[in-house]
Amino acid sequence: MKQNLLILFSIIISSSFAFAQSPVKGVVKGSNGITIPNATVKVRGTNITVSADTAGVFVINAKQQPQFYIQVSSVGYKPQDFQILTIQETPIELVLVENALLDEIVVTSRRRSEVLQDVPIPITVIGGQAAENAGTFNVNRLKELVPSVQLYASNARNTTLNIRGLGSTFGLTNDGIDPGVGFYVDGVYQARPAATSTDFIDIDQIEVIRGPQGTLFGKNTTAGAFNITTKKPSQIPSGKVELSVGNYNFLQAKTSITGPVAKNLAARLSISGTQRDGTIYNTREQRNYSGQNNLGFKGQLYYTPSDRLSVLISGDVSIQHPAGYPLVIAGVAITERSTYRQYGRIVSDLGYNQPKIDPFSREINTNTPWKHNQSIGGISANLDYKIGGGTLTSTTAWRFWNWDPTNDRDFSELAALTKSQGNSRHDQYSQEIRYAGNLSDKLSGVIGVFALAQNLKGLDQTEEVGKDQWRFVQTAATGAQALYSTPGLLDGYGIKTNSTIKSLSAAVFAQVDYEVVNHLHVLPGIRFTYDKKDVDYDRTTYGGLQTTDVALLALKTAVYSNQQFNTNIENNNFSGNLTISYRPTDRINAYGTFSTAYKPVGVNVGGLPTTSTGAADLSLAVVKPEYVQHYELGVKTKPTKGAILNVTAFNTDIKDYQTNVQSPQLGVNRGYLANAEKVKVKGLEIDGTYQLERFLTLNAAVAYLDGKYVEFTNAPLPLEETGHTETINGVATQVAFKDASGGRLPGISKWNISGGAEFSLKGNLATKEGRYFIAGDVSYHSNYSSNPTPSSVLNVNGYGLINARLGFKSDKFSFFAWSRNIGNKNYFEQLQAAAGNSGLYAGVLGDPRTYGLTLRYAF
């Protein structure tokens, strides 16, 4: 009996061994049926790898029994896994799909997977690999690739992210206003504009959606949205490492690894770090500023117990400790104030030399260190469950933001506005539940609910002046004003502000896509939104000369005063849209849209202007909501194979436009919020792409934008008109406001152009097969206003940038050299008046020429 069992056991082992040794034979082809030479074929979970021959034929011995997987990859094609169920004598045919076919890009902007050209919404899509290759490692670089995007930042907190010139207030950020551009990462809304400064980690795709989208997304998006998706964990073990070095001691390292941790459970861990020396030199401190020091982590768990259910748990944190981002002195304007109050006279009276007006020397001489430290991150849980023809999705998230800055607000060596520290802490909790999918052959859509709770705290936010400030606030050397020269009166005098904004936003939204007759689609959408904000603002003065002299105390109070207020506000809104789309062939998609949208009520927590009695003007504490009416016509076409051409024309009208006002009063040197009665932005966008197989890729986009104040009767005076007087009732009276109706909106270039090209040829690097490539992109922005009210001096000149790269890429290995701003163009991104409006203004500089090398390896 034992002998029989041994014989049977030996037969089973030998037959199994023989079976396992049977090789898998096959041929690799593209979707067009043409064989793909030299593709890489690997047995998943092992080191067994072979290369197909020039005819695409391969033979691989898996050394294991079916069932198992083989992975097939080739440059220019999407890597694909194939399950081997049986070993057969005849060769199997394995088909790879070309990577990034222009007319097959899939987007999720309507909360379900669709081909880009079929969606009746203007969208620009940038793949994660394309973004990395172009050096786009954060949102700020996207404006060079998407001309309808504007991003201006003097630091992470003071970031303006706009689409078509609309979305957020231009200039200094006021925490009491909501952004109008939605920023989503893996379905999670990120409320603070500082999120745009963090480095991208494991980006799969970036969708830039233009126009109001409140019926598709959780939060109000009056101007558009960024819908960013990252790569999910995979059961297939793999990883990637990347290292870049460049001038200014630039060093960037990225790594990502993924694989199974248990049955149906995969994990992914990604790390990114960026360092670069500063490009602005402080001659007083003998150190560089405007550098980079970023570290980011992202971890994910992906649970897929069945084909119907998937759960993604994500956590991320980004820590940034740069040297700081100072502004450089850009010029001195002559105001309409008296000669005694001009900046040049003030500086001379204080015994200083006139400031050096040479911004592109990239030198500053400030006496307060600049610091812009922040940490931002959170955790989220995303559950997708397939029901019927759609998917039920639940996204739960918590995010935080800590901000720890120091700024020198006089931009000079003077001890005037010596310190500005807007320390902040933000927590947000969000929940979105939606169902999206096909309800029938003719009907599809999305319905959802959304809630966002935020707690934003200003923690001992500090504004402080020094020994020289008295001369800036002194209006004359006679009478009570002469007392400003009292020794030590304003030395170390300042304010500390503690504020809290607790807000709740809740919404119900829905949109359907109904094919009324063949090729004609009607897409109505509706949204109901409820918003509530509870505000507690408390500002107290400190420091300066300790005195009981009533006259001296009055002078101090005129500079900084105590302010305290509480307010509770709430409002709700119905908005919606109607789109009609006609798709006579698979090459044409013509559509028209009318939509309404709104941005919630705002609150001022940056200091309020004072009345004639010196009390805070509480009438300005609350800012009315924005109401938007938007019209759009567009056509998406595929004129020839490999080509796409899209055209969009739009008109956006906004009532009670929320804008940021820079007040001449020192106590509101952060600016405050106000409403312009009516604003209009209209424009035309044309974008096209062309791909000639794998050899040539071309893209170009043009955006014409015309943004104006239709009515803004109470606009602040521009810098050069500060001190303007008018005759009122026969008396010469100094005024602080003017009618800016007809003036252009800030931050909008009329002409915005971008384009790029990549040419590649098949070749070998040592034993590696791949492609050699050369690529470049250009961008141009015409001049734009850099002040809430049009100014003759605060205008940024138009500029163009050229970037290029060349190297070698294969499915596993890439190596290329790159350069950004090859022409070393000197340009401003933003200009702003120094607080107090004495005539000095400063600018945010764009980066100089940078260059370096990148090495990337996948395994």
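Biologist: Is Arg 362 buried or exposed?

Modeller: Bear in mind that this is a predicted model. Arg 362 is found in the loop between helix 3 (343-349) and strand 25 (363-364), and its phi is near 60 degrees, a positive value in a residue other than glycine. The cut-off for buried is under 20% relative accessible area. Because its relative accessibility is 9%, Arg 362 counts as buried.

Biologist: Where does Ser 290 lie?

Modeller: Ser 290 has a phi near 65 degrees, which is a positive value in a residue other than glycine, and with a relative accessible area of 13% Ser 290 is buried. As for its place in the chain, Ser 290 lies in the loop between strand 21 (287-289) and strand 22.

Biologist: Which element gives the most to the lining of the largest cavity?

Modeller: About 810 Å³ of space lies in the largest cavity, and 46 residues line it, with Asn 140, Gln 292, Tyr 325, Glu 829 and Asp 847 nearest its centre. Among the elements that give two or more residues to this lining are strand 22 (292-303), strand 26 (371-387) and strand 49 (799-809). By class, the lining of the largest cavity divides into 16 nonpolar, 21 polar and 9 charged residues. The element that gives the most, with 3 residues, is strand 49.

Biologist: And which element gives the most to the lining of the second largest cavity?

Modeller: The second largest cavity has a volume of about 370 Å³, and of the 29 residues that line it, Val 185, Gln 190, Lys 298, Asp 316 and Arg 399 are the closest to its centre. Strand 13 (181-185), strand 22, strand 23 (309-320) and strand 26 are the elements that give two or more residues to this lining, which by class has 13 nonpolar, 11 polar and 5 charged residues. The element that gives the most, with 6 residues, is strand 23.

Biologist: Why is strand 10 largely enclosed by the rest of the structure?

Modeller: Strand 10 covers residues 123-127, and it is largely enclosed because, of its 5 residues, the number that are buried is 4.

Biologist: Which residue in strand 15 stands opposite Ile 123?

Modeller: Strand 10 and strand 15 (residues 203-210) pair in the antiparallel sense, over 5 bridges. Within strand 15, the residue that stands opposite Ile 123 is Ile 209.

Conventions: Residues numbered from 1 in each chain as written. Predicted model: local features only at pLDDT ≥ 70, side-chain atom pairs only at ≥ 80, totals over all residues. Heavy atoms only, no water. Buried < 20%, exposed > 50% of the residue type's maximum accessible area, 1.4 Å probe, protein only. Pairing = 2+ DSSP bridges. 1 Å grid on protein atoms, 1.4 Å probe; cavity = no way out; pocket = protein on both sides within 12 Å on 5 of 7 lines; lining within 4 Å. Points joined across faces, edges and corners; volume = space filled by probe spheres on them. Nonpolar A, V, L, I, M, F, W, Y, C, P; charged D, E, K, R; others polar.
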